[in-house]
Amino acid sequence: MTRQATHETLGNTPRHRLLMDPQWRFHLGDIPVTSPYIHRDTYLSVKSGHARGAAGADFDDSEWSVEDLPHDWVVEQPFDPRNNVSHGFRPVGIGWYRKTFLLPASDEGKRLSLEFDGVFRNSTVWLNGHLLGTHPSGYIGFHCDITDVANYGGENVVAVRVDATEYEGWWYEGAGIYRHVWLVKTDPLHVARWGTFVTATPSEPGDPQRADVVIRTTIQNAYDHETSCQLRSIVVDAEGTEVAAAETTELIPGGEDFEFTQQVVVEDPQLWSVDRPYLYRVLTTVKADGRIVDNYETIFGIRTIEFDPQQGFLLNGEPLKLKGTCNHQDHAGVGIAVPDRVNEYRIERLKEMGANAYRCAHNPPTPELLDACDRLGMLVMDENRHLDSSPGRLADLESMICRDRNHPCIIMWSLANEEPIQGTPAGARIAKTMSQLIRKLDPTRPITCAMHNSWGWGGEFSRVLDIQGCNYSPEKYDAYHREYPEHPMVGTETSSATTTRGIYAKDEQKGYLSAYDVNSPDWGQTAQAAWRPVAERPWICGTFVWTGFDYRGEPTPYEWPCINSHFGIMDTCGFPKDNYYYYKSWWSDEVVLHILPHWNWPGHEGEEIEVWCHSNCDSVELFLNGQSLGRQEMPRNGHLEWQVTYEPGTLSATGYRGEAALAEAVVETTGPAARIELVPNRPAISADGEDVAIVTVAIVDDEGRLVPTADNEVSFSVSENATILGLGNGNPSSHDPDKATRRRAFNGLAQVIVQAGHEAGEIILSAQSPGLLPARLVIPAEASARRPYVPAVERSDDTQA
């Protein structure tokens, strides 16, 4: 007999996790504080709760702008060639955030904390004029206990100073409170932050009859007296049915933590995999002397992973080549302040290409990205930012492991990326200290590091690693495997092919590269040259291509006017470049047939045009205006080329499996741009104030065909129940603002991110451009409950919600 399982008295638990994102006051620039002169001011300035200037509770922030989180202030700034090239030519600086909110008197006696998922960077936090702490890193979250300094039954003011004047990376990093912030309220006896660790061991890798599940739960007793704690853990399946349970009681001394270890068995478990990412939950109930004081939920999956030096990577006992991409965290229109739905969209785009793995380059990602990978079946290499064994950096590493170790999508930890000291004794000692900490916190996953140059021959550093991480240099694969046949290997970073969407010849003045797979920097390889060595060697666990998406900063090989990279398989909007179809041909199970380039070449009649086909068909025949140009056999993990004398019309291809026609592809010479088309990524969105529609803007001719060279400027407007969150077009040299209501198309395409308000109904997005028929898109916004949140104290001068 089965039964639906729920938390006891769900909804009445003292634990509340409330979103703090809405209605922060923001000021760009530092706020100078005059040094005190008279004795009284000097005396008070060093007393608790008497922070001065913008950190003080009584500071007047009424002239500041009102912003909702997540927020990246750098993406709102203009480009300037005098600014840092690696960071995309935009200024950084210092900013201040403040929010005034109420706490009910009934919260007194609870434990309260503010949890920041990510602030870039070097953030200092105050509450009611009390300094709570400083957190240097912009890539891992932190929390501040506010129990002692909160004002119960009245107003509270949180102030955050963000100093992004120093960098942590060499790419666009943005600035601001760019991830979610939460107010967490618990009973003094409660599950600690990131306080559960669930491991599952199937009886057999492929088709297990049972899985042994170990649930470790850390309980904090903030009472000043010993307390009897009863812990009940219920395992439920994806349908919410209870499949296992355990209950334990312990006496916990006042002011101390205690780790419970419970073991249960799940019969006939459903395995988590990339094709069927099945998820379980642990529902935790904490009782103090018989009274329910906390509920907590942990999502996990049941699966096995193995990195074998001869067979490569195995998931649930079956070899699976890792077909991965490396990715930074910014997106067109929003910078690093990426909405949850956009993170999900990016994982969906990669899955559609056939990718099954994701490297978080070069830092821990936002938690919601890992949630999406769990749900969608994307394997993850979770990467630490700094190779550093100082106490502060080790604390950041511990936070990453404890935060992320329940995610079934994560299959390995990476210590860092391309560290110059990797070949030194000091580098090896640091790696050893870091690895010891990781293995203590999570003995279930292997450790690697993305090593460059003479990877593998870095002495003791490589011997610390469970998996040799190989950045580039595929010509060294065989030699390393011969010398260290017991050491698994993975291409932690490969290719770095550089292309520009829709461009088929280099243009140094504009900063464009050809979309043919012919360009890479001196350290990299083309897509084909990088993938083939991995595909042909079963003992190479897989690859992580640099990169899945273009990203701001690090323009290569050009600098100004380029403001972002060319490395992406997709551009900053997620629009595919032609190499996308090379990977899809060899990474996915779908039949693929793709022709490049486009067929709009006025003035080039009679000239030869290089035509490529990406396909996984056995052979491909090319036609121009119905005339066969020959049939060729498709080389494994390769592509096909023809030289075609240009004449307008129809270029088509037929793909064959044996002698049976399997697929057709067509590119045509289009007419001039005639109208705008708006295509949303989803049929409807939620009216919850957070959800977004990602709208493709296409410039088409009068037959509805994309005009591949169109660059019309399009103006947008949206109904009052939504906002335009950002715009993009994938042009690596575009200096148009991301926060605007108009944008030029780039080679026929642009993107609008529309965010719903709280009013259900129809969102109307309108687009117009001189000389083109306008477009009007209706996006249904469905009624949806807003996540529990903390509103700001309303003021008469507030200009936005």
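Reader: What makes the largest nonpolar core a core, and which residues have the most contacts inside it?

Author: A nonpolar core is a set of buried Ala, Val, Leu, Ile, Met, Phe, Trp, Tyr and Cys residues joined through side-chain atoms within 4.5 Å. The largest such set has 143 residues, and Leu322 and Trp599 have the most contacts inside it. Helix H5 (residues 425-441) gives the largest share of this core, 7 residues. A second, separate core of 27 residues includes Ile699, Val707, Leu765 and Ala767. The model is predicted: local features need pLDDT of at least 70 and side-chain atom pairs 80 or more, while totals for chains, interfaces and linings use all residues. Residues are numbered from 1 along each chain, and side-chain values use heavy atoms, without hydrogens and water.

Reader: Why is Thr217 called buried?

Author: Buried means under 20% relative accessible area (1.4 Å probe, protein chains only), exposed over 50%, and partly exposed in between. Thr217 has 0%, so Thr217 is buried. Thr217 is found in strand S14 (residues 210-221); strands are DSSP runs of E with at least two residues, and helices are runs of H or I with at least four, numbered from the N terminus.

Reader: What does Thr217 touch?

Author: Not counting residues up to four places away in sequence, Thr217 touches Val191, Gly195, Thr196, Leu231, Phe258, Glu259, Phe260 and Thr284. Contact means heavy atoms within 4.5 Å.

Reader: How do you know what span is expected of H5?

Author: The expected span is 1.5 Å times one less than the number of residues. H5 has 17 residues and reaches 25 Å from its first C-alpha to its last, close to the expected 24 Å.
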